[in-house]
Amino acid sequence: MISLKDKIILITGASSGIGRACAEAFAHAGAKLVLMARRRERLQELSASLKEKHGTASYIVQLDVRDRKAVQQVFNKLPDEWQNVDVLVNNAGLSRGLDKLQDGSIDDWEEMVDTNIKGLLYVTRAVLPGMVARDSGTVVNLGSIAGHEVYPKGNVYAATKHAVDAITRGLRLDLVETSVRVCTIDPGLVETEFSEVRFRGDKERAKKTYLGLKPLQPEDIADAVLYCATRPPHVQISGMIMLPVHQGSTMLVHRKNS
Ligand code: NDP
Ligand code: 8X3
């Protein structure tokens with residue numbers, strides 16, 4: 001097992017859900033964190049709480065991963081002591097809407113494609129050359145069960161997560177001559193702000209996603225991300241699909257009292 005003491009972990013989408021839980025888990029393991037998201041106040045609050053709990057050093061970056069120029073600028077300007085990223089957690093992502101394709105909102109599609117695919121690519125492109133030059137590092141992408149299966153009305157979100165899966169597998173081939181590792185964690189239902197974002201703040205509708213079953217918790221996913229990052233250097237976990245015990249597939253969920 002690799003020690004994460006003083007390693008630099010960069011997490012996108014650290015202001016909520018799985019990204020925030022990853023920040024907690026890596027902080028607990030003694031790492032230093034680069035925390036990225038659009039909501040700066042949340043990152044500030046997280047950074048202060050990790051400092052108090054674990055003495056964690058963190059560097060906050062307010063960033064919209066869809067903004068290609070901003071991503072480039074952020075990485076050009078990263079202070080020297082934060083440049084050598086050991087673990088990149090490509091977590092920022094979202095779904096918008098749940099509509100038949102023929103009824104779908106093109107703005108929603110663009111937001112998902114720009115965030116889940118292009119944003120992930122921009123950040124990866126900025127971080128990878130350093131990892132390759134140092135011949136060391138771990139990239140963990142947050143895919144989804146929706147990167148392996150589709151479900152009615154999940155069309156474009158599933159397409160973006162299939163793309164993440166293809167990017168992950170392609171990247172592993174491109175890095176095969178290096179010691180840089182590439183992993184993907186592909187969860188089913190995880191209780192985060194994901195559904196609230198999907199349904200644009202409709203909390204009642206969001207709650208129904210998790211009704212009658214115990215969904216995965218963000219900490220369950222963070223545990224898997226940490227596992228990938230702490231394997232001995234010769235071990236590359238290619239991927240993990242993680243489901244709640246009562247989820248059989250994207251389309252089959254056993255709910256009590258329903
Ligand atoms: P949350 O909504 O709780 O968190 C999403 C995070 O992504 C937030 O921190 C948000 O930060 C960030 N984010 C979204 N858009 C952008 C952007 N344009 N630029 C920078 N950051 C952005 O959802 P989850 O924690 O559940 O989602 C995390 C990842 O896990 C996503 O990739 C999602 O697809 C994936 N996933 C989630 C599942 C679930 O059931 N919850 C299941 C499978 C996969 P901010 O708004 O501050 O920018
Ligand atoms: C999130 C899981 O099934 O809602 O990626 O698409 S699902």
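Which helices each supply at least two residues of the shell around ligand 1? They are α1 (17–28), α5 (155–174) and α6 (194–198), where helices (H or I, at least four residues) and strands (E, at least two) are DSSP runs numbered from the N terminus.

The views below show a predicted model, in which local features need pLDDT of at least 70 and side-chain atom pairs count only at pLDDT 80 or more, while totals for chains, interfaces and linings use all residues. Residues are numbered from 1 along each chain as its sequence is written, chains are lettered from A and ligands numbered from 1 in the order in which they are written, and side-chain values use heavy atoms, with hydrogens and water left out.

**View 1. The shell of residues around ligand 1.**
Ligand 1 is surrounded by 29 residues, of which Ser-15, Ser-16, Arg-38, Tyr-157 and Thr-192 are the closest; a residue is counted as near a molecule if one of its heavy atoms lies within 4 Å of it. Sorted by class, this shell comprises 12 nonpolar, 11 polar and 6 charged residues, with Ala, Val, Leu, Ile, Met, Phe, Trp, Tyr, Cys and Pro counted as nonpolar, Asp, Glu, Lys and Arg as charged, and the others, Gly among them, as polar.

**View 2. Polar contacts of ligand 1.**
A polar contact is a pair of N or O atoms within 3.5 Å; within protein, one must be able to donate a hydrogen and the other to accept it, and residues adjacent in sequence count only if both atoms are side-chain atoms. On the backbone side, a polar atom of Gly-13 is 3.0 Å from an oxygen atom of ligand 1, and an N or O atom of Val-65 is 3.0 Å from a nitrogen atom of ligand 1. From a side chain, a polar atom of Lys-161 lies 3.0 Å from an oxygen atom of ligand 1. On its own, ligand 1 has 880 Å² of accessible area, and the protein covers 96% of this; accessible areas come from the Shrake-Rupley method with a 1.4 Å probe, and for residues only the protein chains shown count as cover.

Ser-144, Ala-146, Tyr-151, Tyr-157, Phe-194 and Arg-198 are the residues around ligand 2, and by class they divide into 4 nonpolar, 1 polar and 1 charged. Taken alone, ligand 2 exposes 240 Å², and the protein buries 88% of that.

**View 3. The aromatic pair of Tyr-157 and Phe-194.**
The structure has 2 aromatic pairs, counted where rings of Phe, Tyr and Trp (its six-membered ring) have centres within 6.5 Å, with planes under 30 degrees apart taken as stacked, over 60 as edge-to-face and the rest as tilted. The ring centres of Tyr-157 and Phe-194 are 5.4 Å apart and the ring planes stand at 65°, so this pair is edge-to-face. Because Tyr-157 belongs to helix α5 and Phe-194 to helix α6, the pair ties together parts that are 37 residues apart in sequence. Tyr-157, at 7% relative accessibility, counts as buried, whereas Phe-194, at 27%, counts as partly exposed; buried means under 20% relative accessible area, exposed over 50%, and partly exposed in between (1.4 Å probe, protein chains only).

**View 4. Cys-183 and Cys-228 without a disulfide.**
The structure holds 0 disulfides, a disulfide being a pair of cysteine sulfur atoms within 2.5 Å. For Cys-183, the nearest cysteine sulfur is that of Cys-228, 4.1 Å away, and this separation is too far for a bond. Cys-183 counts as buried at 0% relative accessibility, and Cys-228 counts as buried at 1%.

**View 5. Thr-184 in strand β6.**
Thr-184 has its place in strand β6 (residues 181–187) and, at 5% relative accessibility, counts as buried. A polar atom of the Thr-184 side chain lies 3.5 Å from the backbone oxygen of Asn-141.

**View 6. Gln-44 in helix α2.**
Gln-44 lies in helix α2 (residues 40–54) and counts as partly exposed, at 41% relative accessibility. From C-alpha to C-alpha, Gln-44 and Ser-15 are 9.1 Å apart in space, and they are 29 residues apart in sequence.
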